[in-house]
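Colleague: Please take a close look at one part of this model, the charged side chains that pair up. Walk me through it in one go.

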Amino acid sequence: MSHPNYLLLSGDEAVALAARDAGVLLGAGYPGTPSTEILEAFSEHGGNAQWAPNEKVALEVAIGVAYSGARALATMKHVGLNVAADPLFTVAYTGVTGALVIVSADDPGMASSQNEQDNRRYAVAAGVPMLEPSDSQESYDLALRAIEVSERWGLPVLLRMTTRVCHSKTIVRPRPPVTPPPTPAFHRDIKGRVMIPSNARPAHHRLRMKLSEIEAWNEASGPNRRFDGDASLGIISSGVAAMHAREAAPSATLLKLGMTYPLPIETVRSFTRQVGRCVVIEEGDPYLAEAIRRLGCQWSPSRRCTVSGS
């Protein structure tokens, strides 16, 4: 910890630092544990952080910033995304000119919430790319990666965190400065921004094409890691559940997914063919397990796939 480039940060603080380092013009949100500290820390770093009357307003304000070509951050806890669902689904069609990162801080175990809603379902339903960090370093790195993906494809990106990632502290080494953000400017774009049916239909096709491109990128260079070990047991996981899996079964072969929508289909298929027994471990809903089953992954008669959830 004496190294000047290393910091001890929570996941929330790491996201805030990434937003500062990326030149995010505005962070907007509605307070709710475990997301509250993101904007508080962003403000402490000198960032422009604003609380909104509710999550819908926060997301709409952030969308306006991203329409101008700047970088924006919207933060909320998992149930808050219900309030913001209307603009979420529409901005997936309109896209953005700059970057828009939406943090959904889920709360498995209900440490401070009324339910265990798993917002990974929102990524699929709305058609927005989703990243899942497993610790503070990944919270920092994937927040920056989310900005990169958002600007490259002109789409909002969902950064799905959970309580244990938001509030646990691990060592973070910040990156060198990233590419400076563009200068904000307003450009009138009726067809691209006003989603009446005649504009929404081609927007839907554009969205699906972009998601297909992002899937190919995720296969080639996405934030997914493989830890080789005993091939008799293979584990597929993401987020903090992957860290628990490594601790519980350190000798197993692990595929740790950082971008969980769109999934790297061929990477998953190849992994399942190379292990004797494949176990999917995740918090909350069986999101990964169901998605992997839909892929039609093939196992030999001696192989089987098991699902484990919290």
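Modeller: Start with arginine 160: its relative accessible area is 4%, so arginine 160 is buried (buried is under 20%, exposed over 50%, partly exposed in between; 1.4 Å probe, protein chains only). This is a predicted model, where local features need pLDDT of at least 70 and side-chain atom pairs count only at pLDDT 80 or more, while totals for chains, interfaces and linings use all residues. Residues are numbered from 1 along each chain as its sequence is written, and side-chain values use heavy atoms, without hydrogens or water.

Now the partners. Arginine 160 forms a salt bridge with aspartate 106, at 2.9 Å from N to O (a Lys or Arg side-chain nitrogen within 4 Å of an Asp or Glu carboxyl oxygen). Arginine 160 sits in strand E7 (residues 157-162) and aspartate 106 in strand E5 (residues 99-106), so this pair ties together parts 54 residues apart in sequence. Strands are DSSP runs (E, at least two residues), as helices are (H or I, at least four), numbered from the N terminus. Aspartate 106 has 0% relative accessible area, so it is buried.

Glutamate 132 also meets arginine 160 in a salt bridge, at 3.0 Å from N to O. Glutamate 132 lies in the loop between strand E6 (130-131) and H7, so the pair with arginine 160 of E7 joins parts 28 residues apart in sequence. Both of these residues are buried.

Salt bridges link Asp106, Asp118, Arg120, Glu132, Arg160 and Glu282. The structure's count is 16 salt bridges.

For contrast, take arginine 226 and aspartate 228, whose closest N and O atoms are 2.6 Å apart in a salt bridge. Arginine 226 is partly exposed at 38%, and aspartate 228 is exposed at 62%.
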